[in-house]
Amino acid sequence: MDLSKAFDTIPHGLLLRAYGVNSRSCMLLKYYLRGRMQRVKVGDTSSDWQEVRRGVPQGSVLGPMFVNIFINDLFLQIKTVQLNMPYADDGVL
């Protein structure tokens, strides 16, 4: 099972509602995730800047924690196999 794209696809709004995070902590996480911009460059041509509304910053300390929070319920749904998660985005059935 490949969860490597989990870092890129987590919807911010859904993540911030996970597990009843208190409002103060939720605001802190919201400020951490918002305002990130990206664009695509091919050769000498660049797209317009767009706000990032999904995913977590790769290479950050909090990124793996966010992925684990988001996929935590996966363990509750898979009951007939053994699931090992050696890394945040590397699940093995």
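Modeller: Helices are DSSP runs of H or I with at least four residues, and strands are DSSP runs of E with at least two, both numbered from the N terminus. This is a predicted model, in which local features need pLDDT of at least 70, side-chain atom pairs count only at pLDDT 80 or more, and totals for chains, interfaces and linings use all residues.

Colleague: Leaving aside neighbours within four places in sequence, with which residues is threonine 9 in contact?
Modeller: Threonine 9 lies in helix 1, residues 6-9, and counts as partly exposed at 40% relative accessibility (buried is under 20% relative accessible area, exposed over 50% and partly exposed in between, with a 1.4 Å probe and protein chains only). Although 45 residues separate threonine 9 from arginine 54 in sequence, their C-alpha atoms are 5.3 Å apart in space. With contact taken as heavy atoms within 4.5 Å, and leaving aside neighbours within four places in sequence, the residues that threonine 9 touches are Arg54 and Gly55.

Colleague: With which residue does arginine 53 form a salt bridge?
Modeller: Side chains of opposite charge can pair when their charged atoms come close. A salt bridge is counted when a side-chain nitrogen of Lys or Arg is within 4 Å of a carboxyl oxygen of Asp or Glu, and by this rule the count comes to one. Arginine 53 is exposed at 61% relative accessibility, and, with the closest N and O atoms 3.7 Å apart, its partner is glutamate 51.

Colleague: With which side chain does the side chain of serine 60 make a polar contact?
Modeller: Serine 60 lies in the loop between strand 4 (50-51) and helix 4, and counts as buried because its relative accessible area is 18%. At a distance of 3.4 Å, the side chain that makes a polar contact with that of serine 60 (a pair of N or O atoms within 3.5 Å; within protein, one must be able to donate a hydrogen and the other to accept it, and residues adjacent in sequence count only if both atoms are side-chain atoms) belongs to tyrosine 32.

Definitions and conventions:
Residues are numbered from 1 along each chain as its sequence is written. Side-chain values use heavy atoms; hydrogens and water are left out.
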